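Please keep the sequence and the model in view while reading.

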Amino acid sequence: MGIPELQFCRRCHHPHVGEEREDETEFVPLNAPETDRCPGCGEKPSLQDINVPTSTLLSFMLTELCRLTPSKKTLVFNDSRSSAEAVGGGIIDTEYGLVAESLYIEELLEAGGSKEASEIYFNVSDRLKEEYWKPLKENAIDEEGATYEILEDMRQQIQRKASLQNCRHLTPAALVTSEYLSDLSDPRALAIGHEVFDIFAQDPNVSFQRNRIQIKGLTYDRLRNKVSNGLRFSDEELDRHLPRILARLEESGFVHQPPWDELTQQVHDSGESADNIDGTLTYLEDERDRLGGLVDVDQPAESGVFQRDLKEDDSVLRLVERVTYCTNCYATYPAPESETLDTCPQCGNGVETYDRFSSTDDGYTGTGVADVESDWEWNVDHWGSDIAHPAATDSIETISVGIHKGDVPASLRGAIEEAFRKSDPDVNIVSATPTMELGVDIGTLDSVTQVGVPPTLTNYVQRSGRTGRSRGSSSLVSTVIRGEHPVDNHYYANLEAFFSGFEPVRVPDPENYDEVMAGHVFTETLAYLLRNPDPKQVMDQIYSLNESALDLTSYQQEVRKRFRILEKFVSEDPQRTSVERHLRNVFGPRGVEIFEQIFFEDGPINLQRRGKRTFQTLTNVDGSVQAVTSLTERYRRLDQWAGLLGYLANYRGFGSQFPIKVSNRGSDDIRFETSGQLYEVFPGPENDTGAVFRLQGTKYIVTDVHGSPDEITTTGICQNEECERPFESHDLEYEVCPHCDSPLHETAIHPIASVTCKKASGGQKGYSTRPIATVHIDQTDTHETETVDLFGSECELSVGNFDIVDFIYAFEQFHSRRSGKKTLLSEAVVDAGGDSDVDESDASLEDLLDEVDETTYRPVGQQYHTRGLRFRFDRAAIRSRFDEYAPDASWPAALVSLEQALEKAIAIIAECDRDDFRVKVDDTGEELEVFMVDSREGGNGVTWQVLEALREGGSLERNVRKVADCETCSGYCDQCLLLARTPAFYLENDLLDKYALRAVIGSGPHQDDAAEVETASGD
């Protein structure tokens, strides 16, 4: 039997089946009349192949790799925390769930085919904890604090995998059913009974709404409708079997009817209007009477609503030995011993019956798989093969995962490393950011997987070199090309160029970067002063805190007092003269210049300014004794404080992370603390629930964010959601949005003071969020300017320093049970203490009271000082060219498309991630300004590489033109303008348009001669 090919409608995802007709494959809609329209959306079908998400594909690929490789382990490199969580979380969701389901089958086989569901749950839960949780718990050093709490959340998450409703394939694939249904001899009655069992097994909290009143459970009518949606049986046949089936399931304790008084009280407590309450009660009475009037109902209906209560569920599960399998839609049903179904209850096509198991006096025989004949090399009975077969053949093999990234507590990272290092590993897969790239002993390893093409060939070689270190051992390096990732696709299409591009890494002169120099100069200053003590022993006195207990406010004051003493000490002779002479000998005049900026001048690397910025954030952690002790014990010495201020070690991370408090559900008690970044944790409207993020596979939701009273900056925001570019930041000298002419809203941005989140529960687990990032850019000084030719137009290029404010003004919210999304504002509550907007001397009593009572909500963000480029084009010339060659195109779409094309070009030129830089195109009315800036404090060299490439050969323009000249799409695709993490409203508002881009840059048939010569020169 040949298996037909499936494709899906791009709009509504309705399946279409391929049929061979006259030597061609034609796709017709599944379970619907054949027309020229898709039955799902009513439009002309636009079909695509099955699209498997990267995380799902990796879950199956990586677990299979671990089972096949000698070391039984694989290291996975990701370039972002979210990617590491997605890969690790995907394995937890799929692999752990499949093992739990196999353990259910194993429990039933060992028990002779049937066993109480509650007993199976506890046994499976214990097995899962033993395999996946206990090794990390034993290897973790901390018995309390963040590591303990994260492990506790992990334990609960693993235990939930053991519940029947989370074993998502056992009942739909007819692997198990209810013991009280298994003796039904009528195959149609058994199919109906199993469908009812599946409805309540998959969703114990199933409910319906009547007159806006939510009712837990289902009435007979609602249940019959649900069954008929899945099975093509007549109402008469359903009414013939369904009452007896419900009676059996009630008798078994699987479902029950709540007392009528309890149900009516629930309706009265709904808070709805009297008419809605009366109408609902009338409906429920009619349903109860209707159920009581059906045949085969031996006693009056209690309430007519059927519910499943997990606490009262005493039901028994039964292993399904024999199944009926549809050869068309692949639906599976339990089959009685004698009779079988004639046709599929879902699609009406032919069916076949197979034995998965056979029972004997000595137990069960069989592989657990229905041996469906097909031309495929793999089993059509997919879930039988993946779930029942390992249990039947005693071959259940667990694969565990650890997520290793910067915001994971050090002791938990150590536990993951130790469990992974063993020759017989307790953790088989580590999904890591570059934290595992260097300096971590991982023992014998023969498999590395990279999610996406690494930023450079050096990274590729370094990561690949983690494998095959034992003499004579083989190794496997896998690289996953993400389908909608333009940089991955670029290198995949040019693999030879990528692997032949092993050149010495080019770096800019570090003397040009104040941030880099500050770290070296400050370290050398401390070292010199400690090597050359003064008579008063000043450095010894300020080097560390004493052992007395401190609250957070006192701690901050003590540390900053020591900074002031250090400042005063180095400002006086003979210290200043001797330190400057030493720094001049080591670094030249530039070292003395940076020394003065650190200790005596106000600026981004000034000691006092950094101290205020850092410790203001640190003291927003929880004030509990545990938190204070943890903070003050970790940072008690001068060198540790310098590290916090970004003068030592990893200056790249300075200012980009802040503490996150994780509180208990239903209370304000703080369970543990971790760290986060702006795009992971942001508030909702008026400080309502906001961002959703993952930590070790567990979902957390932001519940409270406070902003500091001092403003970072004030900018103009377009609040018109109908604008093609809403929520953009504009200079305050402009009063209206350049894209829609709506008035700009003057908005103050505040720094983040504190973030609190809780573990997502109930319906919150279905939420996901995506921030709409906004950036405000101010050039603070200019190092050099020149006139350059770019895209056939002269423009002024300035190189200099910039103040960047990244903030989230709005975000998109999704839910797994809803189609579409919501766009919501992100607003933190601003703490009191800032400057008042009211002149207290002239204010009225009412004005003063209003200010006291008013709660201020503002967007929050982060500011950093960095390096970058600014291009200024004559707007009139660019707009004239655009209007001539694309008169019907959107001007905002042209600017967005230019931003996207530049982002792709820069990522390729600098061989970096898109998070390493920012691009912004501003229409000021007179000029078209293009900003390209580094996204790290002090700069990271990305825009320096862009500048060098611009001066050496024009590769920036060539790569942008390659985007515009894409030949595989009509407007945009993942080969050109569709980048990873492209905001959804870009697509919904048609803001990606390569033809608009062509008009702006002068590409295509209207490209000027100079540009043609430039492009023809090649890469």
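## Cysteines

Cys 976 has a relative accessibility of 0% and therefore counts as buried, a term that here means under 20% relative accessible area, with exposed meaning over 50% and partly exposed in between (1.4 Å probe, protein chains only). Cys 66 is likewise buried, at 0% relative accessibility. A disulfide is a covalent bond between the sulfur atoms of two cysteines.

## Basis of the model

The model is predicted, and local features need pLDDT of at least 70, side-chain atom pairs count only at pLDDT 80 or more, and totals for chains, interfaces and linings use all residues. Residues are numbered from 1 along each chain as its sequence is written, and side-chain values use heavy atoms, with hydrogens and water left out.

## Overall composition

The protein chain has 1019 residues, of which 52% are buried. Its secondary structure comprises 30 helices and 36 strands; these elements are DSSP runs, numbered from the N terminus, with helices being H or I of at least four residues and strands being E of at least two. Among the contacts in the chain with a separation of 6 or more, 71% are between residues 24 or more positions apart, where contact means heavy atoms within 4.5 Å.

## Nonpolar cores

A nonpolar core is a set of buried Ala, Val, Leu, Ile, Met, Phe, Trp, Tyr and Cys residues joined through side-chain atoms within 4.5 Å. The largest such core contains 129 residues, and Leu 75, Ile 105, Leu 128, Leu 170 and Phe 200 have the most contacts inside it. Helix H2 (residues 81-110) contributes the largest share of this core, with 12 residues. Apart from it lies another core, of 62 residues, which includes Leu 902, Cys 966, Tyr 986 and Leu 992.

What does Ile 105 touch, leaving aside residues up to four places away in sequence? Its partners are Leu 170, Leu 175, Val 176, Leu 319, Phe 357, Ile 387, Ala 388 and Ala 391.

## Helices H2 and H3

The axes of H2 and helix H3 (residues 117-139) come within 10 Å and cross at roughly 135°. Axes are lines fitted to C-alpha atoms, for helices over the stretch in contact, and angles run from 0 to 180 degrees between N-to-C directions. H2 and H3 are therefore oblique to each other: angles under 35 degrees count as roughly parallel, over 145 as roughly antiparallel, 65 to 115 as roughly perpendicular and the rest as oblique.

H2 passes H3 in a right-handed crossing; a crossing has this hand if the near helix is turned clockwise from the far one by less than a right angle, and is left-handed if anticlockwise. Residues of H2 at the meeting include Glu 95, Tyr 96, Val 99 and Leu 103, while those of H3 include Ile 120, Tyr 121, Val 124 and Leu 128.

Helix H19 (residues 589-599) is largely enclosed by the rest of the structure, because eight of its 11 residues are buried. These are Arg 590, Gly 591, Val 592, Ile 594, Phe 595, Gln 597, Ile 598 and Phe 599.

The axes of helix H18 (residues 575-587) and H19 come within 6 Å and cross at roughly 135°, so the two helices are oblique to each other. Their crossing is right-handed. Among the residues that meet are Val 579, Leu 583 and Phe 587 in H18 and Val 592 and Phe 595 in H19. In the loop between helix H17 (552-571) and H18 lies Pro 574; the peptide bond from Asp 573 to Pro 574 is cis, with omega near 10°.

## Ile 416

Ile 416 belongs to helix H11 (residues 410-421) and is buried, with a relative accessible area of 0%. Residues up to four places away in sequence aside, Ile 416 touches Leu 136, Gly 402, Ile 403, His 404, Val 430 and Gln 696.

## Positive phi angles

Arg 212 is not a glycine, yet has a positive phi of about 70°. Arg 212 lies in the loop between strand E8 (207-210) and strand E9 (213-216) and counts as exposed, at 62% relative accessibility.

Phe 727 also has a positive phi, near 65°. Its loop runs between strand E26 (713-717) and strand E27 (729-730). Is Phe 727 buried or exposed? Phe 727 is buried, with a relative accessible area of 4%.
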